[in-house]
Amino acid sequence: MGPVIKENVSLVNYNTFRIDVSARWFVEINSEADLISVLQSDFIKTKQVLVLGGGSNMLFTKDYDGLVLKISIPGIAVLEPEGQGSSDEVVVRAGAGVSWKYLVDYCVSHGYGGIENLSLIPGTVGASPVQNIGAYGVELKDIFKCCTAVEIATGAKRTFGYDDCGFGYRESVFKSSLKGQYIITSVSYHLSRSAKLNVQYGAIQQELQRRGIEQPSIADVAKVVSEIRVSKLPDPATIGNAGSFFKNPVISVAEFERAQANFPEVVNFPAGPGKVKLAAGWLIEQCGFKGIVSGNTGTWKNQALVLVNHGGATGLEVYNFSEQIIEAVADKFGIALEREVNIL
Ligand code: EPU
């Protein structure tokens with residue numbers, strides 16, 4: 001049976017903020033062929049289209065008056081060891097609808113390394129290149145090989161290699177120049193059985209030390225990262241949220257020095273030549289916003305960068321609260337916070 005287009009579907013179970021809005025039309029896509037048939041149908045010609053993966057980076061402020069394509073394309077395939085080099089290299093391809101957590105668990109349990117620092121990130125494979133997901137010193141771009149996609153306007157297939165994607169901090173062409181033009185159908189990752197582990201991140205080092213692990217395995221790192229995440233971040237299964245709501249601001253060294261003159265404690269990290277990244281969570285906490293409850297929304301008690309839905313929040317309520325945070329940080333530090341979450 002081909003894809004079934006439903007009408008007036010609640011999206012409450014399709015966004016991790018658990019905002020209760022509805023989609024005028026909704027279709028679940030289980031294969032690339034189904035996707036192409038929907039894109040080439042007459043029905044879609046007059047509709048605006050929204051592509052939804054895990055809905056884990058999205059804040060709905062109103063009902064969606066178009067067609068939601070919920071991408072559920074399954075499948076994980078391990079391709080032949082790559083190239084002539086070390087046979088430890090593995091390429092894993094996953095369907096865009098595969099849960100990211102499932103993919104990471106699959107790879108870690110098979111001993112395929114490189115992906116372990118990205119354990120427990122919510123969302124799907126298809127979204128992973130769009131915002132170049134990252135955590136604990138690793139970004140998607142570090143393991144990305146290529147992805148396949150279908151053009152919304154024509155249904156034509158295209159493969160994107162690394163250089164086609166324009167990856168940056170939480171950025172790619174899929175969010176900028178090609179926004180709204182392609183739907184990713186599968187992603188291939190290059191991993192390695194003898195991957196060099198990335199354990200420089202302070203919290204990982206401390207946790208490994210605490211456990212007395214000197215020679216960590218891929219699985220040890222995955223476990224430690226998962227536990228750090230659980231301790232800091234609210235679980236979307238029990239409390240609605242979309243992870244970091246804002247990006248960490250990247251500013252010039254000159255701007256940084258001005259901020260540091262007034263606030264010597266400002267938490268910062270190097271971000272390439274002439275650039276400094278500030279911890280937005282710290283800026284927000286300094287403005288008195290950590291763990292505060294505002295109506296049905298608020299910031300998380302262990303991580304001020306995460307906005308939450310305490311139950312029954314509307315998207316507008318969360319959005320307005322985020323405006324208050326932006327204003328407070330601008331007033332105190334003269335720094336403009338940018339939202340990481342997509343607002344619709
Ligand atoms: N901090 C505070 N108060 C807070 C939160 C953070 O002072 O309430 C300071 C602390 O000094 C802390 C530093 O900020 O050491 C950094 O915090 P954390 O390690 O929690 O990381 P983050 O910069 O807030 C980023 C990503 C997360 C990712 C973590 C770990 C962004 C926007 N967020 O957060 O990604 O899990 O690093 O690598 O880059 C996401 O994108 O949704 C996400 C959760």
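## Terms and model

A pocket is an open set of grid points, where a 1.4 Å probe fits, with protein on both sides within 12 Å along at least five of seven lines. Its volume is the space filled by probe spheres set on the points. The structure described here is a predicted model.

## The second largest pocket

The second largest pocket holds about 350 Å³ of space. Its lining consists of 23 residues, of which N13, T16, G54, P122 and G123 are the closest to the pocket centre.

Two elements, β5 (64-71) and α2 (100-109), each contribute at least two residues to this lining. In terms of domains, both domain 1 (6-71) and domain 2 (76-192) provide at least three lining residues each. Sorted by class, the lining of the second largest pocket comprises nine nonpolar, 10 polar and four charged residues.

## Contacts with the ligand

Which residues come nearest to the ligand? Among the 23 residues around the ligand, they are Y136, Y169, Y201, E285 and Q303.

The side chain of E285 places an N or O atom 2.6 Å from a nitrogen atom of the ligand. At S244 the backbone takes part, with an N or O atom 2.8 Å from a ligand oxygen atom. The side chain of K290 has an N or O atom 3.4 Å from an oxygen atom of the ligand. On its own, the ligand has 820 Å² of accessible area, and the protein covers 82% of that area.

## The shell around the ligand

The elements giving two or more residues to the shell around the ligand are the helices α4 (218-232) and α6 (280-286), together with the strands β8 (134-135), β13 (240-244) and β19 (303-309).

How many residues of each class make up this shell? The shell around the ligand has 10 nonpolar, six polar and seven charged residues. Domain 2 (76-192) and domain 3 (240-343) each supply at least three residues of the shell.

Definitions and conventions
Residues are numbered from 1 along each chain as its sequence is written. This is a predicted model: local features need pLDDT of at least 70, side-chain atom pairs count only at pLDDT 80 or more; totals for chains, interfaces and linings use all residues. Side-chain values use heavy atoms; hydrogens and water are left out. On a 1 Å grid over the protein atoms alone, a cavity is a set of points where a 1.4 Å probe fits but cannot get out, and a pocket is an open set with protein on both sides within 12 Å along at least five of seven lines; lining residues have an atom within 4 Å of a point. Helices (H or I, at least four residues) and strands (E, at least two) are DSSP runs, numbered from the N terminus. Ala, Val, Leu, Ile, Met, Phe, Trp, Tyr, Cys and Pro count as nonpolar, Asp, Glu, Lys and Arg as charged, and the others, Gly among them, as polar. Domain bounds come from an automatic or database domain assignment. A residue is near a molecule or strand if one of its heavy atoms lies within 4 Å of it. A polar contact is a pair of N or O atoms within 3.5 Å; within protein, one must be able to donate a hydrogen and the other to accept it, and residues adjacent in sequence count only if both atoms are side-chain atoms. Accessible areas come from the Shrake-Rupley method with a 1.4 Å probe; for residues, only the protein chains shown count as cover.
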